[in-house]
Every structure is written in structure tokens, then in C-alpha cells.
Amino acid sequence: MLDVQKVREQFPITRQRFRVLGQAEPKPLIYLDHGASTHPPTPVLETYKNFLESSYANVHRGRHYLSEMATDRFEHVSDDIFRFIRGSRSANTIILCSNTTQAIDLCAHVMAHRAGVTLVSLMEHHSNDLPHRARGKVVHFGVKEDGTLDVEDLERKLREHRVKLVAVTGASNVTGYLPDVHGIARMAHAHGAKILLDGAQLLAHAPVDLRPDDDPGHIDFFAGAGHKAYAPFGSSFLFGPTAILDEAPPYIPSGGTVVYVTEDEAYYKKSPDRHEGGTPNIAGAVALAAALRFLEEAGMEAVRAHERALVEQAMHGLGRIDGVKILGHPDPARRIGALSLTIDGVPHELAASILNREAAIAVRNGCFCAHPYLHRLLGLTDTTELRNRLVAGEEVDLPGAVRPSFGIFNDEAEVDELLRMLRLIRDRAWVGEYGDIPGAAACKEL
């Protein structure tokens with residue numbers, strides 16, 4: 001069982017205070033935006049700082065002590081990643097990148113020369129859709145009204161098309177929904193396709209097991225990022241089959257990717273060096289490894305149980321507030337610690353601003369870089385006019401939602417405060433004036 005108070009003590013951000021409307025004393029920050037970025041705990045911050053102070057040097061380029069120390073620490077980062085995601089080392093490689101988007105784009109790059117289409121779910125963050133569109137033909141498979149994947153549509157399109165890759169999220173950044181990724185992997189493999197799992201939302205919130213390569217449900221490619229797993233910004237990775245990574249041209253040809261260069265030709269290294277062009281974020285990679293070790297020590301089963309309990313508490317409370325609608329599947333067991341909601345008659349931007357300015361509650365609002373999915377959840381069947389106005393350059397308030405997302409250091413009292421404030425917003429009982437937000441004044445008069 002997770003000792004939440006002990007965990008909170010390791011996160012300096014939990015001591016942050018802000019002045020809010022209607023209160024004389026600063027109020028403790030309630031950070032419920034873990035779906036966007038997570039804060040590093042003290043052990044990770046210390047690892048990061050220690051590297052910068054005592055081991056700062058470039059890797060693979062020097063015979064002096066600092067370079068050797070930096071290289072040794074950098075090259076062992078993959079050990080922590082392989083262990084954390086339970087990935088098979090025998091035929092796979094970890095490529096270190098700067099963010100999840102780049103890791104997914106690297107996957108699209110190495111698969112681009114292969115024949116076939118990429119199947120992308122309509123649940124995806126744009127980062128697991130647009131890179132594939134830029135490098136080849138994409139076919140989408142659908143979602144149901146409750147926000148779950150339409151597996152029958154996936155099966156049908158696997159039969160109808162020559163598919164090389166199925167791209168799907170490990171956990172939705174909008175609803176927190178957890179697809180049956182190993183079931184999807186079995187379907188993809190049965191049709192000769194590979195599977196890419198966008199693990200950005202999954203990595204720090206539930207146990208990950210990519211399974212051995214001889215398991216029909218194994219995951220071929222997995223992308224994850226440090227800033228969503230309690231590490232600093234700027235570090236990520238792609239797990240993938242070494243043979244596929246090595247048969248593709250280097251992602252960014254550069255000095256560190258080559259064996260030898262002549263005036264006319266270049267001979268490239270094997271992976272991971274083949275695709276790690278330029279000086280990497282060495283300190284960030286070292287901190288990412290430290291963050292994964294921190295999560296291992298906490299226990300991912302315990303983290304998952306803790307966050308699930310918070311989601312259950314939140315969904316139970318929200319279900320008792322008339323006028324508040326939770327988007328997506330109603331079963332909290334099928335979610336990570338994220339949920340999106342709407343409040344009747346209250347714009348999402350206004351609701352998020354009230355939570356911030358009157359209670360120091362940090363949430364995300366908007367479309368969460370997943371327009372097709374969110375619009376389906378909101379019941380928007382025809383967005384032609386909205387699209388045309390936006391493309392024409394008009395200022396348009398995009399339909400959206402409010403997303404609280406929980407993490408390892410959140411507790412029940414913070415969920416209670418969120419519920420209290422949402423009731424207050426539903427009742428139009430906020431104290432501030434929000435003239436900077438369109439429609440705020442008219443909204444309170446309703």
C-alpha cells in the first residue's frame with residue numbers, strides 16, 4: 001500500500017502556495033494536471049543536479065574521466081527502461097529521444113519504407129496520428145459512443161487493407177481509458193502487422209509488460225517520455241525491434257551515427273547509435289532512469305491501486321452533482337487517473353480558471369490535442385462550420401472539457417476539494433469577475 005504522506009514529502013512542488021480570490025492566506029497548490037506533465041521528486045532532482053555538478057561531459061567522444069563517467073551512466077539508462085517496461089532485450093533496442101512525439105515520429109520513420117498502411121485509432125493524441133500521416137497512408141479505426149475502441153472496426157480494416165502498423169494509445173489522455181492492448185497486438189500480428197503503443201499516459205500510472213517477442217500479444221514498439229513519469233522535460237525513448245531500426249536510414253544523420261565517412265559515402269552504425277544523432281540530453285536521460293527507479297521502489301501495483309481509488313472517489317462524487325457530465329466509459333477500473341468532464345452552461349476555460357484562481361487547483365482544459373476523439377465524446381457530429389471558421393483565421397472558442405488527472409502524490413482531501421469547487425461552479429457561486437473569458441458574465445446570470 002502506498003504511503004501517500006511519505007510520497008508527498010519527496011515532492012517539493014507540494015509545498016507551493018498561491019494567493020486565491022476570497023482568502024487572505026495563500027492556499028496550497030492542488031496539482032491535478034499529471035496528464036500534461038509530472039513533477040520530479042527530490043531523488044530525481046538530486047540525481048539530475050549531481051550529474052550536472054560532477055559528471056557533466058559529452059558521451060562517446062572523450063577518453064578523459066568526465067566523458068567516461070557520463071558515457072557509462074548514459075549507456076546504462078536503457079537497462080532501467082528495459083526492466084521497467086519488461087521489454088525483451090535479445091532482439092530489441094532502446095533509442096533515447098527528446099519527447100514522445102519524436103519517439104513516435106522515429107517509429108513512423110523506420111516503418112515508412114515498408115509496404116502497407118498504418119491503422120490509427122480515433123482515440124489518439126495528435127502526436128500518434130500526424131507523424132504517421134506525414135510519412136505514408138493512414139487509415140483510422142473508430143471509437144464507440146462510450147469512448148472505447150471499436151475493435152470490430154479494427155478487425156474489419158485489418159482484413160480490408162494491407163496493414164504494416166497499428167498505432168494505439170496505452171491509455172487515453174482524454175478519458176484515461178485503458179484499451180486491451182495485448183488483444184489488439186494479437187489481432188495485428190495475426191494479420192502480419194506490427195503494433196506501436198503510445199505509452200505517454202501509461203508509463204507512470206500502471207504496470208507495463210511488453211511481453212516476450214514469442215508471445216502473440218507482445219508489443220513491437222513502445223514510446224514513453226520522462227516529463228510524464230516524474231523526470232525533467234526533454235527525455236524520452238522508443239523501444240523497438242533492432243532489425244527494423246537497423247534497416248532504416250538514420251533518423252538524423254550526423255557525426256555520432258557514422259562508422260566512417262568519405263567524400264562520396266557514409267557508413268552508418270547499428271542501433272541505438274544509428275538514430276541518436278547529435279548530442280543527446282544526457283542529464284535528462286540519467287534523470288529519466290532515476291525516475292523509473294523511484295517508481296519501481298514505490299511499486300507500480302501500489303501506484304495503480306492508489307490512483308484508481310482516487311478516480312473511484314472522484315467519479316462517485318461527480319455522479320452526485322447534477323449538471324456535471326463525465327466523458328467516456330463509466331467504469332473507473334478501465335481508466336488510469338484521468339477523467340474529462342463538462343459542466344452544463346459553463347465554458348471549460350471559465351471552469352478551469354475558477355478552479356485555479358479561487359482554489360489553486362491546477363487542471364487542464366480544452367481539446368487535449370485529440371480533436372476527433374473529444375468531439376465524438378461531446379456528440380459533435382458535424383464540425384464543418386467550426387473547421388471552416390478556424391481555417392479562415394477567425395477567433396473561435398473550441399468546444400472542450402475540463403480534465404483533472406491524478407498522480408502519485410494526490411490524496412483524498414484534494415479530491416474532496418475538487419468536488420466542492422465543482423459544485424460551487426455548477427451553482428454559479430464563484431466570487432471572482434472573469435471578464436477576460438468570453439461569456440463568463442452571461443454564464444453567471446443563468
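Residues are numbered from 1 along each chain as its sequence is written, and side-chain values rest on heavy atoms, with hydrogens and water left out. Because the model is predicted, local features need pLDDT of at least 70 and side-chain atom pairs count only at pLDDT 80 or more, whereas totals for chains, interfaces and linings use all residues.

The largest nonpolar core contains 82 residues, and those touching the most other members are I81, I85, V166, F222, F237, L295 and I408. A nonpolar core is here a set of buried Ala, Val, Leu, Ile, Met, Phe, Trp, Tyr and Cys residues joined through side-chain atoms within 4.5 Å; buried denotes under 20% relative accessible area, exposed over 50%, and partly exposed the range in between, with a 1.4 Å probe and protein chains only. Helix α10 (residues 282–298) supplies the largest share of this core, 12 residues. Helices (H or I, at least four residues) and strands (E, at least two) are DSSP runs numbered from the N terminus.

Helix α4 (residues 77–85) is largely enclosed by the rest of the structure, because 7 of its 9 residues are buried. These buried residues are V77, S78, D80, I81, F82, F84 and I85. Their cover includes the helices α3 (65–75), α10 and α11 (300–318), together with the strands β4 (92–97), β9 (221–225) and β10 (236–241).

A search of the whole structure finds 3 cavities of 30 Å³ or more. On a 1 Å grid over the protein atoms alone, a cavity is a set of points where a 1.4 Å probe fits but cannot get out, and a pocket is an open set with protein on both sides within 12 Å along at least five of seven lines; lining residues have an atom within 4 Å of a point. Grid points are joined across faces, edges and corners, and a volume is the space filled by probe spheres set on the points. The largest cavity has a volume of about 50 Å³, and its lining consists of A108, M111, A112, T118, H132, R135, G136 and K164. Two or more of these residues come from each of α5 (100–111) and α6 (130–135). By class, the lining has 3 nonpolar, 3 polar and 2 charged residues, where Ala, Val, Leu, Ile, Met, Phe, Trp, Tyr, Cys and Pro count as nonpolar, Asp, Glu, Lys and Arg as charged, and the others, Gly among them, as polar.

The largest pocket has a volume of about 400 Å³. It is lined by 25 residues, of which G35, H125, N173, Q201 and K228 lie nearest its centre. The elements giving two or more residues to this lining are α5 and β16 (364–366), and β16 gives the most, with 3 residues. The lining comprises 7 nonpolar, 13 polar and 5 charged residues. The second largest pocket has a volume of about 340 Å³ and is lined by 21 residues, with P347, H348, L398, P399 and G400 nearest its centre. Its lining divides into 13 nonpolar, 4 polar and 4 charged residues.

S172 lies in the loop between β7 (163–169) and α8 (181–190) and counts as buried, at 1% relative accessibility. A polar atom of the S172 side chain lies 3.0 Å from the backbone nitrogen of V174. Beyond four places in sequence, S172 is in contact with M123, Y177, Q201 and Y373. H306, in helix α11, is also buried, at 12% relative accessibility; L2, V4, G407, I408 and N410 are touched by H306 when residues up to four places away in sequence are not counted. T279, by contrast, is exposed at 54% relative accessibility and is found in the loop between β12 (266–268) and α10. The side chain of T279 makes a polar contact with the side chain of N58 (3.0 Å); a polar contact is a pair of N or O atoms within 3.5 Å, of which, within protein, one must be able to donate a hydrogen and the other to accept it, and residues adjacent in sequence count only if both atoms are side-chain atoms.

Technical notes: Contact means heavy atoms within 4.5 Å.
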